[in-house]
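Hi,

Here's the structure I promised to pass on.

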Amino acid sequence: MAIPMEFWTAATPNGWKVSIMLEELKQAGADLPAIEVHTVDLLAGEQFSDRFTALNPNQRIPVLVDQGRNIFESGAILQYLAEKFPSPLLPLDESRWDVLPWVYWQVANLGPAFGNKLSYTRYMEDVDAELKAHPLERFSNEAQRLLRILNQRLGNAPFICGEQFTIADIAAWPWVRGWKWSKINITLHDSVMAWVDRVRARPAVERGIAYGAPPGETDQWSEATKARYARTGTSMASNDTIAGKR
Ligand SMILES: N[C@@H](CCC(=O)N[C@@H](CS)C(=O)NCC(=O)O)C(=O)O
């Protein structure tokens with residue numbers, strides 16, 4: 001019997017990248033082992049526990065544990081799974097270089113810009129509006145710059161790397177689809193809007209975003225869920241948390 005994989009996650013965009021990937025691989029017929037899902041309570045600070053830090057010294061979800069190896073960073077996990085279970089999600093020949101730069105682009109650019117815009121928009125209630133104005137403008141402009149790039153690509157093909165849905169789409173989509181929460185206006189970008197719907201229509205994506213989401217709230221959160229996310233985000237974004245003071 002294959003040793004189960006452990007998937008350490010939470011209901012957030014970076015966690016959903018991996019849950020979508022696992023569901024897409026199942027859909028593609030990959031012979032996955034059993035997956036043990038461990039939910040990390042980010043509000044309680046479980047990401048800072050000794051047990052979790054031993055899995056990921058960077059103290060962030062997601063983490064995949066496979067055969068005694070801990071893989072952290074969502075982009076690395078997507079690549080690891082794609083290489084271990086070959087499928088059209090990532091070509092394994094030379095043409096993988098059409099895909100991998102867009103995965104790195106997401107983790108190095110789109111994720112941080114959207115995440116920072118979200119933090120200043122929703123999670124810094126106790127910071128003066130005047131102090132937030134500059135970072136808000138900066139991350140908003142950067143998010144729009146990235147959306148223009150994405151829109152241009154998606155004007156030429158249905159997916160980021162062409163005709164085929166790949167791990168580049170899996171990496172970018174969970175952040176972009178959360179645009180109402182981050183208040184990043186994607187409606188200016190028609191091809192991005194159409195891609196958000198196109199990806200959402202995939203059955204594996206439907207299952208992937210259900211991980212950790214309250215039933216019936218995969219697309220629209222209740223007020224109680226929004227309040228819980230706001231509490232969690234506020235705790236994670238706090239300077240005291242980042243400075244290790246709590
Ligand atoms: N670059 C990392 C980012 C991971 C990340 O920021 N995860 C967030 C949840 S979306 C987290 O664990 N935050 C906990 C914290 O900030 O304390 C990746 O792509 O895996």
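Below is what turned up, starting at the ligand and moving on to a helix pair and a hairpin.

Keep in mind that this is a predicted model.

First, the ligand. It has 14 residues around it, and the closest are Thr12, Asn14, Arg60, Ser74 and Met236. If you want to find your way by secondary structure, the elements that supply two or more residues to this shell are α1 (13-27), α3 (74-84) and α4 (100-122). By class, the shell around the ligand splits into six nonpolar, six polar and two charged residues.

α1 also packs against another helix. Its axis and that of α6 (residues 167-177) come within 8 Å, crossing at roughly 140°. An angle over 145 degrees would count as roughly antiparallel, so α1 is oblique to α6. The crossing of α1 past α6 is right-handed. On the α1 side, the contact is made by Pro13, Trp16, Lys17, Ile20, Met21 and Glu24, while α6 brings Ile167, Ile170, Ala171, Pro174 and Trp175. That contact between α1 and α6 has nine nonpolar residues, two charged ones and no polar ones.

Last, the hairpin. Strands β3 (residues 63-66) and β4 (residues 69-72) run antiparallel and are joined by four bridges. Across the pair, Val65 sits opposite Asn70 of β4. Two residues lie between the strands of this hairpin, and Gln67 has a positive phi near 50°.

Cheers

Note on methods. Residues are numbered from 1 along each chain as its sequence is written. This is a predicted model: local features need pLDDT of at least 70, side-chain atom pairs count only at pLDDT 80 or more; totals for chains, interfaces and linings use all residues. A residue is near a molecule or strand if its C-beta atom, placed from the backbone, lies within 6 Å of it. Ala, Val, Leu, Ile, Met, Phe, Trp, Tyr, Cys and Pro count as nonpolar, Asp, Glu, Lys and Arg as charged, and the others, Gly among them, as polar. Axes are lines fitted to C-alpha atoms, for helices over the stretch in contact, and angles run from 0 to 180 degrees between N-to-C directions. Angles under 35 degrees count as roughly parallel, over 145 as roughly antiparallel, 65 to 115 as roughly perpendicular and the rest as oblique. A crossing is left-handed if the near helix is turned anticlockwise from the far one by less than a right angle, and right-handed if clockwise. Two residues are in contact if their C-beta atoms, placed from the backbone, lie within 7 Å. Two strands pair if DSSP finds at least two bridges between them.
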